[in-house]
Amino acid sequence: MVFQRADPFIYRHTDGYYYFTASVPEYDRIEIRRSRTLAGLDEAEPFVAWHHHAEGPMSHLIWAPEIHYLRGKWYIYFAAAPNDEITGITFNHRMFVLENSNENPMTDAWVEKGQLKTGWETFSLDATAFEYRDKLYYVWAQEDRAVCKDSHSNLYIAEMENPWTLKTKPVLLSKPEYDWETKIFWVNEGPAVLIKNGHVFLTYSASATDENYCIGMLVADADADLLDPASWKKQPKPVFGTSYENHIYGPGHSCFTVAEDGKTDLLVYHARNYTEITGDPLYDPNRHTRVQAIHWQKNGMPDFGTPVPETRTME
């Protein structure tokens, strides 16, 4: 779909456009693209909605932006750090929010709403938000070594007072525990939500960002209390992972959208097409945005299949 764009997020708005944002290889800005077709996102002109600060908490490693339309306004959630350093076992990211009240988000009307406070100051990133039954929810990844001393990040959920403020205390949903969640790094991150067939599906990414990166899933009943950890069932195996046969490695950091027909659900994710990474995988730019159709089983559960080969040559 789009070359060298990791942590992709695609949102189809009521105006008929697909809006796309992702981490850029330089980790220094937030871009938005839009197109009336998914294929058109690749060549769409990027609009720079925001640029990192020269110094301070929003000056380094701008990661994983997501664009949402919530309660009549546009919001971008993203993670940023004050430096490139690692403190303890993680970087120093916190989560921040931008707001745009213009109908067109491709405008210089983005304002900083500041850090989204979760109640404790530790490494946090990969926020997503969703509305369900008149409530606004926030799901994200955060480090809490009191929960798991080896974990870089666990998954949490809370209800929101507004798109930049939590209303309830964070609730732990998942921590790395299976072997496929603890390859090199103990990670649960990149949550994404899809509501369908009487269920709330929450996918997330696990392990290091090389070929071990994969997607796990939690499932809750649509009528359940989403703030109750007991409402969620964690799948014991990854639902999507590396395809050595098709030379697609480390698929992860997913989200969901719908095809142009308005019916076909799509999984959006990034992956590499090689395993020979020089240096830290974090700084390898060749994580490309990809999409593929979701197939629904008779029991209402999603089948993400296997990453399929490219239809064009990677650059």
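Reader: What volume does the largest cavity have?
Author: The volume of the largest cavity is about 50 Å³. A cavity here is a set of points on a 1 Å grid over the protein atoms alone where a 1.4 Å probe fits but cannot get out, and its volume is the space filled by probe spheres set on those points. Please note that this is a predicted model, in which local features need pLDDT of at least 70 and side-chain atom pairs pLDDT 80 or more, while totals for chains, interfaces and linings use all residues. Residues are numbered from 1 along each chain as its sequence is written, and side-chain values use heavy atoms, without hydrogens and water.

Reader: How many cavities of 30 Å³ or more are there?
Author: The count is 4 cavities of that volume.

Reader: And which residues line the largest cavity?
Author: Its lining consists of Q4, A6, S23, V24, P25, Y27, D284, P285 and R287, where a lining residue has an atom within 4 Å of a point. By class, 5 are nonpolar, 2 polar and 2 charged.

Reader: Changing topic, how many helices and strands does the chain have?
Author: The protein chain has 0 helices and 22 strands; a strand is a DSSP run of E with at least two residues. The radius of gyration, taken over C-alpha atoms, is 18 Å, close to the 20 Å that the globule rule gives for 315 residues, so the chain is as compact as a globular protein of that length. That rule is 2.2 Å times the number of residues to the power 0.38. Along its principal axes the C-alpha trace spans about 45 × 45 × 45 Å.

Reader: What share of the residues is buried?
Author: Of the 315 residues, 56% are buried, meaning under 20% relative accessible area with a 1.4 Å probe, protein chains only; exposed means over 50%, and partly exposed lies in between.

Reader: Which residues of β18 are buried?
Author: In strand β18 (residues 249-258), 10 of the 10 residues are buried, so this strand is largely enclosed by the rest of the structure. It runs antiparallel to strand β19 (residues 265-272), joined by 6 bridges; two strands pair if DSSP finds at least two bridges between them. V258 faces D265 across this pair. The two strands make a hairpin with 6 residues between them, and G262 in the turn has a positive phi of about 75°.

Reader: What about β9?
Author: In strand β9 (residues 124-132), 8 of the 9 residues are buried, so β9 too is largely enclosed by the rest of the structure. Its antiparallel partner is β10 (residues 135-142), with 7 bridges, and A129 stands opposite Y138. This hairpin has 2 residues between its strands, with R133 in the turn at a positive phi of about 50°.

Reader: In what order do the strands of the open sheet lie?
Author: The open sheet has 4 strands in the order β1-β2-β3-β4, with antiparallel pairing. β1 (6-12) and β4 (47-51) are at the edges with a single partner strand each, so one side of each lacks a neighbour in the sheet. Strand β3 (residues 29-35) is joined to β4 by 4 bridges, and E31 lies opposite V48.

Reader: Last one: is I195 buried or partly exposed?
Author: I195, in strand β14 (residues 186-196), is partly exposed, at 35% relative accessible area. I195 and A220 are 25 residues apart in sequence, and their C-alpha atoms are 9.6 Å apart in space.

Definitions and conventions
On a 1 Å grid over the protein atoms alone, a cavity is a set of points where a 1.4 Å probe fits but cannot get out, and a pocket is an open set with protein on both sides within 12 Å along at least five of seven lines; lining residues have an atom within 4 Å of a point. Ala, Val, Leu, Ile, Met, Phe, Trp, Tyr, Cys and Pro count as nonpolar, Asp, Glu, Lys and Arg as charged, and the others, Gly among them, as polar.
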